[in-house]
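Have the viewer open as you read.

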Amino acid sequence: MGRSRRTIPEELLLLALDPTTGTTAQPQSLDLGLAGAQLVELALAGRIAPDGDRIAVVMPRPTGDPTLDSALELLRRRGSPVRAVHWIGGPRLGLRQTYLSHLERCGMVHAVAGQMCGVLPTTRYQATETAISREIRARLDNAIRTGVPPDPRTAALAALAHAVGLGKHLYPGNEGRSSRSRLRDLIRHDPMGGLVAHAVMDVQNGAAAQPRRAQAAGAPPGPGPGPVRQPAARATADAAGVPLQSRHGHGSMARVGAR
């Protein structure tokens, strides 16, 4: 897969990036959305395919994108199809930072160092290729305005944007209500995007934990882990816009505030 085309995870992150504050909207659900966007991108590349509510690897050959290939290899190692809700609900520590760093290397964003409360180091990200962000947004706006079925990539992006709650960020207030409704309706135009978007929403609603509760009651276990609850310290840091990330595996904080 060539690098001339932006991937859906990259586009989803650019959509979420606030041009004023340099932070990302919906940071916690965005992590789930990026994991889901990887599945859609791998499906479009012919590497995986839906199998009911599960994801099956149909071609393990690498795509050439290191981050996507890492996800593909993890899926391959499962040995059997995995439920989308279990995959998306698994731990994805550092995925957002990985994509922010990638966009910085590509010159699409640049990092701005700062401090929180005059003490904690923070890193904000400002879009440099604003034409790219405008083009992504224009595709969504066009699909919403015209009602013409969008291409699979745009449909999947719309589905994920709705699933992670970007509707209120992209189309705020009462005047954006109809646009948010139409954004939600675009979910039906891409089966894979719809499957993944529903899985993202199910994880947020706690549906991924249901099989684990059933297993504890004596039901047969299903494949794949349920969602991992964040430690209280991380949840507090997320609420404050401060991700807990360590450098070189030590306890020091690195690039705090990448939102």
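**How two helices cross**

H2 and H10 cross in the right-handed sense, meaning that the near helix is turned clockwise from the far one by less than a right angle. This is a predicted model, where local features need pLDDT of at least 70, side-chain atom pairs count only at pLDDT 80 or more, and totals for chains, interfaces and linings use all residues. Residues are numbered from 1 along each chain as its sequence is written, and side-chain values use heavy atoms, with hydrogens and water left out.

The H2 and H10 axes come within 9 Å and cross at roughly 155° (lines fitted to C-alpha atoms over the stretch in contact, with angles from 0 to 180 degrees between N-to-C directions). The two helices are therefore roughly antiparallel, a label for angles over 145 degrees. Where they meet (heavy atoms within 4.5 Å), H2 brings residues including Gly33, Gly36 and Leu39, and H10 brings residues including Gly193, Val196 and Val200.

Leu39 also turns up in the largest nonpolar core, which has 61 residues; Leu39 is among those with the most contacts inside it, along with Leu12, Ile88 and Leu166. Such a core is a set of buried Ala, Val, Leu, Ile, Met, Phe, Trp, Tyr and Cys residues joined through side-chain atoms within 4.5 Å, with buried meaning under 20% relative accessible area (1.4 Å probe, protein chains only).

Now for the strands. S1 (residues 48–51) and S2 (residues 54–57) run antiparallel, joined by 4 bridges. Asp51 has Arg54 as its bridge partner, and Gly52 in the hairpin takes a positive phi near 70°.

Notes
Buried means under 20% relative accessible area, exposed over 50%, partly exposed in between (1.4 Å probe, protein chains only). Two strands pair if DSSP finds at least two bridges between them. Angles under 35 degrees count as roughly parallel, over 145 as roughly antiparallel, 65 to 115 as roughly perpendicular and the rest as oblique.
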